[in-house]
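Here are my notes on this one, as numbered points. Have the model open while you read.

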Amino acid sequence: MTDLFSKFDPLIEMRSALLEGGVTDPFNLVMEKVESPTVAICNGKRTILLGTYNYMGMTFDPDVIAAGKQALDEFGSGTTGSRVLNGTYVGHRAVEDALRDFYAMDHAMVFSTGYQANLGVISTIAGKDDYIILDIDSHASIYDGCALGNAQIVPFRHNDIDALEKRLKRLPPETGKLVVLEGVYSMLGDVAPLKEMVAISKAAGAMVLVDEAHSMGFIGEHGRGVAEAQGVIDDVDFIIGTFSKSVGTVGGFCVSNHPKFEILRLVCRPYVFTASLPPSVVATAATSIRKLMNSADKRAHLWENSKRLHAGLRQLGFTLGTDEPHAAIIAVIMPDLETGAAMWEALLNEGLYVNLARPPATPAGMTLLRCSLCALHSEEQVGEILGMFAAAGRATGCIS
Ligand SMILES: Cc1ncc(COP(=O)(O)O)c(C=O)c1O
């Protein structure tokens with residue numbers, strides 16, 4: 001018998017070598033208690049959370065929690081069914097209404113995760129003779145959406161406007177084309193030049209899908225994302241998003257003004273062949289989305305936090321993913337995995353949780369310490385965070 005697991009041996013060895021060095025496993029942390037969107041107890045210690053994508057801090061919002069509890073009491077713990085059978089409750093309709101209002105778009109379709117939204121929409125709308133033109137640093141769910149479908153895949157260099165234009169020009173003019181972009185790329189926290197890219201794509205006759213997972217709620221005047229901030233939201237055909245970041249729960253969605261959009265409910269397999277979200281989840285999401293519509297003050301505070309942390313880390317001597325803060329993600333570039341893991345652990349010991357990210361999730365083989373800020377981090381907490389980075393950075397030799 002050939003052991004089908006033997007292909008994982010290099011990864012198993014790498015992991016063992018890392019852990020044998022005495023480092024805490026960065027991919028196995030348990031939060032013993034979560035006190036707020038910014039503080040948890042980990043290993044018995046108060047820990048500031050700086051790696052949760054809880055950008056708008058909605059997870060402990062009293063209205064959000066009350067809505068979830070009420071739905072749990074009134075509708076039970078789960079739907080036990082697909083959206084197209086017994087899995088559509090009034091709450092699913094209500095959250096789709098909230099999304100339509102939030103984005104001022106005609107259609108909204110809710111999936112069980114953002115991963116499934118990308119999987120479903122991309123694989124369903126781009127068929128056998130069509131092309132998907134995508135940024136090479138696209139999220140795994142975008143690549144998996146491509147893999148599930150039958151379209152031809154044409155990647156282009158990250159955020160490179162000319163490369164996108166060249167690829168589009170080489171494709172047969174009459175074929176179906178879907179350009180897939182992200183508003184904020186979650187590894188380095190950099191924003192896409194959507195204004196130029198959307199214009200080029202439209203000129204080439206392509207439809208455009210933008211994944212705004214890391215910008216919803218925060219970027220743009222109404223928090224609709226980078227497409228709104230750059231003034232091209234009306235030219236984007238499909239926006240994909242998630243409830244697992246700014247919205248503060250779990251779930252995914254696609255919004256669109258396409259007149260035939262609703263047919264996707266019958267033909268999109270990751271929508272049809274899976275159970276719908278529990279009533280408590282859609283109730284929390286709908287309440288959170290409606291509150292995000294009136295959160296300009298929180299957005300402004302989050303920008304302040306982002307700028308403060310970015311400037312402070314640079315001043316300490318860390319190398320960051322962007323020259324200026326583009327979003328609420330700030331990536332600290334580590335020289336290698338060993339140093340990254342040591343720094344991650346030193347920060348945890350100081351009382352700070354960040355994400356350790358490594359290939360294949362990261363671009364160009366990088367090891368990153370990814371920080372995601374929350375609108376509820378206080379100015380004092382950002383100061384504490386910088387102090388912890390200074391101490392851990394010196395202890396591990398990352399900075400002098
Ligand atoms: C760009 C992007 N798209 C989609 C997703 C998937 O979202 P979800 O957590 O809802 O599956 C993520 C999650 O990390 C993401 O970063």
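1. Strand β2 covers residues 39-42 and runs antiparallel to β1, with four bridges joining them. (Strands here are DSSP E runs of at least two residues and helices are H or I runs of at least four, numbered from the N terminus; two strands pair if DSSP finds at least two bridges between them.)

2. Some ground rules. This is a predicted model, so to speak: local features need pLDDT of at least 70, side-chain atom pairs count only at pLDDT 80 or more, and totals for chains, interfaces and linings use all residues. Residues are numbered from 1 along each chain as its sequence is written, and side-chain values use heavy atoms, with hydrogens and water left out.

3. Back to the sheet. It is an open one of four strands, ordered β1-β2-β3-β14, with mixed pairing. Its edges are β1 (31-36) and β14 (352-353), each pairing on one side only. The protein chain as a whole has 14 helices and 16 strands.

4. Overall shape: the radius of gyration (over C-alpha atoms) is 21 Å. That agrees with the value near 21 Å for a compact globule of 400 residues, the rule being 2.2 Å times the number of residues to the power 0.38. Of the 400 residues, 55% count as buried, meaning under 20% relative accessible area with a 1.4 Å probe and protein chains only; exposed is over 50%, and partly exposed lies in between.

5. Salt bridges: the whole structure has 15, each a side-chain nitrogen of Lys or Arg within 4 Å of a carboxyl oxygen of Asp or Glu. One of them joins Asp61 and Lys291 at 2.9 Å, N to O. Those two sit 230 residues apart, Asp61 in the loop between β3 (45-49) and α2, Lys291 in helix α11 (residues 279-292). Asp61 counts as buried because its relative accessibility is 11%, while Lys291, at 30%, is partly exposed.

6. Another one to click on is Glu96 with Arg83, where the closest N and O atoms are 2.9 Å apart. Glu96 is in helix α3 and Arg83 in the loop between α2 and α3. Both are buried. Shared partners tie Arg83, Glu96, Glu262 and Arg265 into one salt-bridge network.

7. By contrast, Asp129 and Lys128 are both exposed; their salt bridge has its closest N and O atoms 3.6 Å apart.
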